[in-house]
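Subject: Structure for you to look at

Hello,

Here is the structure I said I would pass on. My notes follow below it.

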Amino acid sequence: MLEVTDLAYSYGTRNAVQKANFSVHQGECLGLLGPNGAGKTTTISCIVGLLSEWEGNLSMNGAEFRPAKRPSDRGKLGFVPQELAVYMNLTAEENLNLFAKLHGLGRQQRQEAVNEKLELAGLADRRGDLAGTFSGGMKRRLNLVAGLMHSPDLVLLDEPTVGVDPQSRNHLFEMLLQLKSEGVALLYTTHYMEEAQRLCDRIAIMNEGSVVATGTPSELAVDAGEPDADLEQVFLKLTGRSLKDI
Amino acid sequence: MNTISAAWVLAQKDLRSFLRDKTALVLSILVPIALVSVFGWIMAYAFGGSGGMPKVTLHVADFSQSKQSQQFVDSLKNDASLKVRLVKLLKDGDSVNQDAVQSQLEKLIRDGDANHVLILPSDMEQQIAEDRIPQFNLLRDPGRAMEEQVIQIALIQTSAQVFGGFFFTDAMQRMLTKQGMDTQTIGLIRTWMTDIGSTMDTFYENSNSGSDVPANHDDQGEDQPDIRESETKSENEPDQVAEQPTTNSHDAGESMLGLMEELMPIETKDISPPNRGKQVTYQQAQSVAGMTVMMLLFALTSCGSVLLTEREEGTLKRLFSQPISWNAILLGKFLFVLIIGLGQMAILFTYGEWMFRVGLFRDPITLIVLSLSWVVAGAAFGMFLAAISRSSKQAESLASLLILMMAALGGCWFPLQMMNLPTLLDTVCRSTMTYWAMTGFQNMLWNQLSWHDTKILQALGWQWCWAAVLTLGAIVFFRRNYCRG
């Protein structure tokens with residue numbers, strides 16, 4: 001579905017992403033793992049269209065994909081940023097309605113999408129409440145469904161579970177698993193290895209701007225020469241034990 | 001989704017969000033109203049009745065064109081409180097067309113090009129030769145109490161200098177006659193006053209000896225009245241004074257020019273646009289316009305910083321990932337700021353009109369055109385600040401600094417024409433967008449000009465130029481600072 005080939009991006013003289021290569025298939029969840037500063041968010045930003053002057057190639061279903069230049073390409077993606085990117089002075093329903101409108105959904109479609117996503121997020125009873133009054137977990141759920149209003153085929157999630165309790169995290173996982181079962185492709189960045197192990201079909205490990213390994217957790221362990229190791233051990237072996245963001 | 005629709009959806013979102021924050025909403029209305037009230041009262045009542053200000057412009061029309069009138073003008077020019085401007089007189093061949101000039105002078109005041117015009121009579125030389133203080137005429141824009149006081153003092157001072165001790169004896173005679181004293185007693189007092197007058201002459205001759213302006217005694221020195229002459233005059237002059245026209249529109253006791261009218265043979269005529277309320281003072285009109293112009297800038301920059309808040313909170317990132325053009329995001333913010341600005345302007349003007357009755361709604365089209373232009377310029381300023389700032393804190397500091405500076409330079413706090421500015425500073429003031437907003441509103445409020453008048457069109461033109469430049473700057477910096485890559 002999404003093919004990333006030799007993606008590179010620099011902030012001035014600092015190379016944030018260098019020749020990154022990976023692909024995401026329909027109905028698959030690809031975990032993008034890496035230490036802080038590895039280039040995960042920059043990679044996501046290039047794909048979502050927040051950054052434009054990158055090098056390399058992006059293609060979606062075989063066609064060239066230029067999200068920064070073509071708003072219609074951005075419409076093919078769902079994006080869930082790390083920040084709680086919803087408006088706290090608007091109700092849950094108004095937030096979802098806004099993003100549905102920006103995707104050009106008609107009134108009827110919008111209403112259906114809002115109802116469906118509120119149900120999915122478990123917020124149907126709080127639809128009229130301001131997002132600012134929600135708990136951290138509720139805000140996270142609202143943040144997630146706000147990126148799904150147009151029912152995209154590919155959703156990019158940048159650490160969507162930061163700061164939530166186990167119950168809310170579990171609810172978020174169930175939402176994502178449901179999306180996967182519906183054939184939606186997910187590109188998921190996280191620092192939590194157990195999340196990646198539970199949710200992701202394949203994992204791409206980034207280090208210092210490059211994708212250093214791609215495969216299922218067991219494939220990665222074998223490639224790392226430690227078939228019995230868990231994902232965290234493989235990750236530390238591939239990325240090193242020294243601090244990366246000093 | 002097309003750019004306009006997307007921008008409108010985003011503007012609606014911001015409006016809804018803004019209206020939800022009740023505290024911010026109430027503050028955004030109450031703070032400007034409180035400031036308009038405070039400044040309005042201070043300007044109208046505190047400063048309105050006292051002097052102590054820099055140079056006041058006095059236009060002088062010299063119908064006499066004589067040596068005496070020239071001396072009088074020179075002496076006026078030497079007065080530190082006045083900026084004297086001689087009016088060029090229209091002539092029919094060699095002679096001055098007095099009717100045409102009178103209309104020309106009245107037009108000067110009506111159009112706001114002058115506030116006070118002093119007319120030196122054509123027979124000034126002859127009146128002085130007859131030992132009379134010349135009969136002056138003063139055309140004035142009523143409601144300029146502060147300037148009038150300065151002019152009053154300067155005219156009395158100049159008259160005393162130019163006409164010497166004779167001025168005091170004449171003034172005394174004038175006052176006593178007005179208070180009903182009989183002519184014989186006045187004659188007696190005048191005799192004593194003549195001696196005092198001689199002493200005063202000597203004093204002024206000495207005090208003027210270092211000045212460029214000679215005391216005007218070259219043709220009076222010898223005919224300083226002796227007792228016999230004074231007696232003769234004192235018998236004749238009371239009638240003469242009584243015959244002086246008394247067309248003053250104000251009761252001398254209540255008028256700000258009361259003292260001058262008591263002391264000098266001056267006839268005043270008020271000239272103001274027909275629709276301006278009698279109770280309105282220049283200071284009130286100035287402060288209502290000034291505070292509105294300044295407070296609107298604060299409101300608009302604070303709304304413009306929504307862009308920065310969105311960036312800091314992460315919602316802007318989500319907006320950038322939507323299938324809308326990035327220009328729609330900027331345009332959406334601009335629309336939001338514009339709507340808030342127009343709403344705030346409507347509230348402030350309604351309040352200002354209700355409170356001070358300055359005649360804001362006399363010409364709704366001009367009011368709408370001026371308000372819209374200022375809101376557009378202000379919105380562009382707000383967006384520009386948001387686009388160049390790295391954080392909302394930075395934007396707030398920058399906004400406070402720039403707005404307060406522009407407000408002071410543009411004349412929002414105090415009328416610039418009251419200030420004696422050096423050329424460079426005057427040019428700086430004229431280059432601010434607040435100056436042109438004030439010029440527009442003042443011409444509408446005080447001079448009652450309409451939107452199609454050249455002066456208002458010029459003010460509008462400058463505001464739109466500013467709006468265009470700032471909008472362009474906002475787009476450039478928005479692309480550079482927000483749409484990275």
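Which residue just after helix 6 of chain B takes a positive phi? That residue is B:Gly164, with a phi of about 65 degrees.

Some conventions before the rest. This is a predicted model, in which local features need pLDDT of at least 70 and side-chain atom pairs count only at pLDDT 80 or more, while totals for chains, interfaces and linings use all residues. Residues are numbered from 1 along each chain as its sequence is written, and chains are lettered from A and ligands numbered from 1 in the order in which they are written.

Helix 6 of chain B covers residues 145–163. Helices (H or I, at least four residues) and strands (E, at least two) are DSSP runs, numbered from the N terminus. At 1.5 Å a residue, times one less than the number of residues, its 19 residues should span 27 Å, and the end C-alpha atoms are 26 Å apart, which agrees.

Chain B as a whole has 19 helices and seven strands. Of its 485 residues, 46% are buried.

Between the chains, 25 residues of chain A are in contact with 21 residues of chain B; contact means C-beta atoms, placed from the backbone, within 7 Å. On the chain A side, helix 2 (71–74) and helix 3 (92–102) each give two or more residues. Helix 3 of chain A gives the largest share, four residues.

Regards

Notes. Two residues are in contact if their C-beta atoms, placed from the backbone, lie within 7 Å. A residue is buried if 20 or more other C-beta atoms lie within 10 Å of its own, exposed if 12 or fewer, and partly exposed in between; C-beta atoms are placed from the backbone.
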